[in-house]
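Please read them with the structure open.

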Amino acid sequence: MGDGMIESKSREEKLQRIIESEKTLNEIKDVDVLLERILTEARDIVHADAGSIYIIEENNLKIRYAQNDTQQRKLAPGQKLPFQSFSFPINEKQICGYVALSGKPLNIKDCYKIPESKPYKFNKNTDLTTDYRTKSMYTIPLKMANGNLLGILQIINAKDEDGKIINFDDEAEMFIAHFAIAAVQALQHAYL
């Protein structure tokens, strides 16, 4: 069995997982539970160490859930990660705001090496206060077919089998894009 076979098998398994998680999402009626689940499932699909999900409130983006496995492991069992609930105006200076305005996903290989020419910057404050290193980041808008934005999904630090931080590759982008469509449908149902 060559590498190609192994790869296509894991792709099959991943697609199967996505289909199963899509079914689960559609059964959740509570928006909060759903948002947290979307973040968890999206991270699982591409083995992302951390992530956040934001919702739109008036002209602001508000963080709803933040997850970080590395940080979680430092806590006592059953403890939850403290995260500040904050909101900020939607503008292109922040990565999430930029994605909200452009309506397109953004794949950053290293948040500490964003070219000066880009309008957005990565805010290192959280990393500094938590002694974490955000490297690869994939941010995708959760938007309805009519263009209305429901929220922003941001996943951080994809990992390979050995736990090494890697970039979000084309396949990861494809899986997340596919999953985001299902997430939006589930959110629309829950909001209705």
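1. Confidence. This is a predicted model. The mean pLDDT of the protein chain is 89, and 93% of its residues reach 70 or more. Among the elements of the chain, helix α1 (residues 3-27) has the lowest mean pLDDT, at 76. The highest mean, 98, belongs to strand β4 (residues 106-108).

2. Strand β1 and its partners. Strand β1 covers residues 48-57 and pairs with strand β2, residues 60-68, in the antiparallel sense over eight bridges. Strand β6 (residues 149-159) also runs antiparallel to β1, and seven bridges join the two. Gly51 shows both pairings: Gly51 stands opposite Gln67 in β2 and opposite Ile155 in β6. Another bridge to β2 links Ile56 with Leu61.

3. The next pairing. Strand β2 is also joined to strand β3 (residues 87-89), by three bridges, and these two strands run antiparallel. Within this pairing, the bridge partner of Asn60 is Pro89 in β3.

4. Burial of β1. How many of the ten residues of β1 are buried? Eight of them are, so the strand is largely enclosed by the rest of the structure. In general, side chains of a regular strand alternate between the two faces of the sheet.

5. Ala48. Leaving aside residues up to four places away in sequence, Ala48 touches Arg43, Asp69, Ile155, Ile156, Asn157, Ala158 and Phe168. Ala48 and Tyr138 are 90 residues apart in sequence, yet their C-alpha atoms are 9.6 Å apart in space.

6. The hairpin turn. Two residues lie between the strands in the hairpin of β1 and β2. Glu58 is found in this loop and has a positive phi of about 55° although it is not a glycine. Is Glu58 buried or exposed? With a relative accessible area of 78%, Glu58 is exposed.

7. His47 is found in the loop between α2 (31-45) and β1. This residue, too, is not a glycine but has a positive phi, of about 50°. The relative accessibility of His47 is 42%, so it counts as partly exposed.

8. Helices α2 and α6. The axes of α2 and helix α6 (residues 170-191) come within 10 Å and cross at roughly 170°. Angles over 145 degrees count as roughly antiparallel, so that term applies to this pair of helices. On the α2 side, the contact is made by Val31, Leu34, Leu35, Ile38, Glu41, Ala42 and Ile45. On the α6 side, the contact is made by Phe175, Ile176, Phe179, Ala183, Ala186, Leu187, Ala190 and Tyr191. By class, the contact has 14 nonpolar residues, no polar ones and one charged one.

9. Helix α4. Which residues of helix α4 (residues 95-102) are buried? They are Ile95, Cys96, Gly97, Val99 and Ala100. These buried residues pack against six strands by name: β1, β2, β3, β4, β5 (137-143) and β6. Gly103 follows α4, and its phi is positive, near 70°.

10. Reading order. The buried residues of α4 pack against β1 and β2, among other strands. The contact between α2 and α6 can then be viewed separately, with its 14 nonpolar residues and one charged residue. For confidence, helix α1 is the element to check, as the one with the lowest mean pLDDT.

Methods. Residues numbered from 1 in each chain as written. Predicted model: local features only at pLDDT ≥ 70, side-chain atom pairs only at ≥ 80, totals over all residues. Heavy atoms only, no water. Pairing = 2+ DSSP bridges. Helix = DSSP H or I, 4+ residues; strand = E, 2+ residues; numbered from the N terminus. Buried < 20%, exposed > 50% of the residue type's maximum accessible area, 1.4 Å probe, protein only. Axes fitted to C-alpha atoms, helices over the stretch in contact; angles between N-to-C directions. Parallel < 35°, antiparallel > 145°, perpendicular 65-115°, else oblique. Contact = heavy atoms within 4.5 Å. Nonpolar A, V, L, I, M, F, W, Y, C, P; charged D, E, K, R; others polar. pLDDT = per-residue confidence, 0-100.
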